[in-house]
Amino acid sequence: MENLVSLNLTRNLIVHMPSTIGLLTNLTHLIMTSNPLQSIIPPHIWNLNKLMTLHLGNCQLYGSIPPNIGKLKSLVNLHLSSNMLVGPIPSSVNNLTNLVSLVLYGNQLNGSIPQEIGRLTNLTTLYLSNLLHGSIPYEIGNMTNLIELQLDSNHISNSTPSSLLHLPNSLHLSMASNLSEGLIPHEIEIYLNLENNNLSGRIPLRIGGLCLNQLDLSHNIISGDIPSQLNSQNIDLSHNLLQGVIPSQFGNLTHLSILDLSWNNLTGTILEFPFFVGNLNLSFNSLRGQIPYGLLHFAPETFTGNKDLCGSIQGFRPCPSSPNVNRERNSKVVKQNLPIVILVPTSLFFVSTFVLMIFILFRRYRAKALKSDPSPTKNGDLFSIWNFDGKIAFEDIIKGTEDFDIKYCIGTGGYGSVYRAILPSGKVVALKKLHRLVLVQNSAEQPAYDTSFRNEIKFLTEIRHKNIVKLHGFCLHNRCMFLIYEYMEKGSLFYILSIDEEAVELDWTKRVNIVKGVAHALSYMHYDCNPPIVHRDISSNNILLNSELEAFIADFGTARLLDPNSSNRTVIVGTDGYIASELAYSLVVTEKCDVYSFGVLALEILMGKHPGELLSTLTSSSSPSSIQNVMLNEVLDPRLSPPRSRKMAGDIAFVAVIAFACLRAKPKARPTMKSVS
């Protein structure tokens, strides 16, 4: 064994790294990814001075990265991602001058990026998504071989150093969800992802000279016009303060796949694209005129929030007749109707003057009436919020909850609290009120609050399914932000299953129907939405039940669209115990992540509790027959009597078989939600 050169123990259940590994002094490759070591980085590794590859990602390591890491001077690839490591990145990494790949994302490392890291001139890949703060050191510009730099979800502030912008290679820079301020760098090539920062100013014209695969500047405070020179396959400029018109030159970008300009202040008309655009979002601007015929196949939500648009699409008024069509006819009529042309404006003048006088008198009368009655009635028109007039609904809700008194609170989560409110019309609604943004305006949590809020609006206004909770509206107010849903009388599935009396009411028929309802909704999201939507947080807490104990998927704050032209890399989100294992080491989100969570949920519904112990038993067994050895009657919720009919017993068995299939380790081996439903 002492002559062993390569050791790969990936995806086993090793809980302890034997100290004898430190005696394998000829070892050059040690790969132990996805093992539950649950320890500090084993110290006997420091004896392996010939080690070139060290992969300990997703091993539940904790503690800090010790300075001894600098002893492994032969390292070429160091991967410690998706663990629980804390503390700063040690400055001794500057000794690892042979490093080509340094991957530390998915930990809780803090402190600043050490200046010494600039000595690693052979690095091509640097992934540091953690809790790092400060600025990007100028010395990082010495990494002349750098190709990929990922700094997502840190607390990095200030602008990008000029040294980084002059690297000889095309750079894939991703700095999503940081605190970067100032102007936008204009010399990054190929990929530029700066979403969820505090970038301001205009989009530099020099960016237009680059041929980018991806340009994502969404969720910033960028203003000014959109440069007509932009040239990218995927353009996302949503959630900014952009003004002006959509550049006509966009009609020449024949390779354009995604264009998202939503939530800006754009004006003018929509241009006609002479080619197919896969994903288009122009909602919530001030666009006007006719929706081009070639874009009528898009959903109405593509254009929502532009009140001056018209066209043959649901929810928009028809466009008036084209003047070109009627020009000849109108010219013949003008002479014949000249007296009418003179008479009509004159009549309209007198009529409008009369109406104006009546309106002024009415306003005076109304003002007196309001003074005499300090408590005017409200109509509680919930849908006025969609028309950007949330005043009446806001006042109704303040009154209905006594200014969000705690006695109306029916639940609290990470980003907000849920309240029950009765509107003046008698309608009962649920309000998800985000925690006061003023408390976090200068913190790193602001982007997460904002993204979660906008995600809820984005997805729940675009999708409609009987098993997905309905969003009635939302309110942006200087005092608070809240979302308004249909009220679910029975609360969450987790709550029902955790209380014996409620769980008994949830008999086998209702439980099977809940599984079916969730399956249908997920199938709709994965296969009937374009592009597909992945929820990413399917759990019993996010399944709500109405008075008939029917299931509704809720909480789309972390949902994501699947882009067929993207790697769909992401940070880990979701609820512990429901997250697919492959997400921890690949960070690539697919529909199969939801399928795994659905499998956990289906077993939880049958068992009446989270199947954590059962999952551990199945995972610890390497035998494929381990599932067959599980007796169904041993895991069913003991609070319910066994199913009496043969049909119900068959339905339960089928749910169990599907659930276990959804939990297969290999994502491709899991069924699709379409086949499940």
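Q: Which residue stands opposite G87 in β8?
A: L109 stands opposite G87 there. Strands and helices here are DSSP runs (strands E, at least two residues; helices H or I, at least four residues), numbered from the N terminus.

Q: Where do these coordinates come from?
A: This is a predicted model, in which local features need pLDDT of at least 70 and side-chain atom pairs count only at pLDDT 80 or more, while totals for chains, interfaces and linings use all residues. Residues are numbered from 1 along each chain as its sequence is written, and side-chain values use heavy atoms, with hydrogens and water left out.

Q: Back to β8. In which sense does strand β6 pair with β8?
A: Strand β6, residues 84-87, pairs with β8 in the parallel sense over two bridges. Two strands count as paired if DSSP finds at least two bridges between them.

Q: New topic: what about β30, β32 and β33, is the pairing parallel or antiparallel?
A: The pairing is antiparallel, in an open sheet of three strands ordered β30-β32-β33. Here β30 (491-492) and β33 (551-553) stand at the edges, and each has a single partner strand, so one side of each is left without a neighbour in the sheet.

Q: How many bridges join β30 to β32?
A: Two bridges join β30 to β32, which covers residues 543-545, and the two strands run antiparallel. G491 is placed opposite L545 of β32.

Q: And how many bridges join β26 to β27?
A: Seven bridges join β26 (residues 416-422) to β27 (residues 428-434), with the strands running antiparallel. For R420, the bridge partner in β27 is A430.

Q: What sits between those two strands in the hairpin?
A: Five residues lie between the strands of the β26 and β27 hairpin, where G426 takes a positive phi near 95 degrees.

Q: Which residue other than glycine has a phi near 60 degrees?
A: H239 has that positive value, near 60 degrees, and is not a glycine. H239 sits in the loop between β19 (232-236) and β20 (241-242).

Q: Then is the peptide bond from N530 to P531 cis or trans?
A: The bond from N530 to P531 is cis, and its omega is near 0 degrees. P531 belongs to the loop between α7 and β31 (533-534).

Q: Where is the pLDDT below 50?
A: One such stretch is residues 322-344, which has two contacts in the model beyond near neighbours in sequence. A contact means heavy atoms within 4.5 Å. Residues 365-392 also stay under 50, and for that stretch the model has 33 contacts beyond four places in sequence.

Q: How should coordinates be read where pLDDT is low?
A: Where pLDDT is low, the predicted coordinates should not be read in detail.

How values were computed:
pLDDT = per-residue confidence, 0-100.
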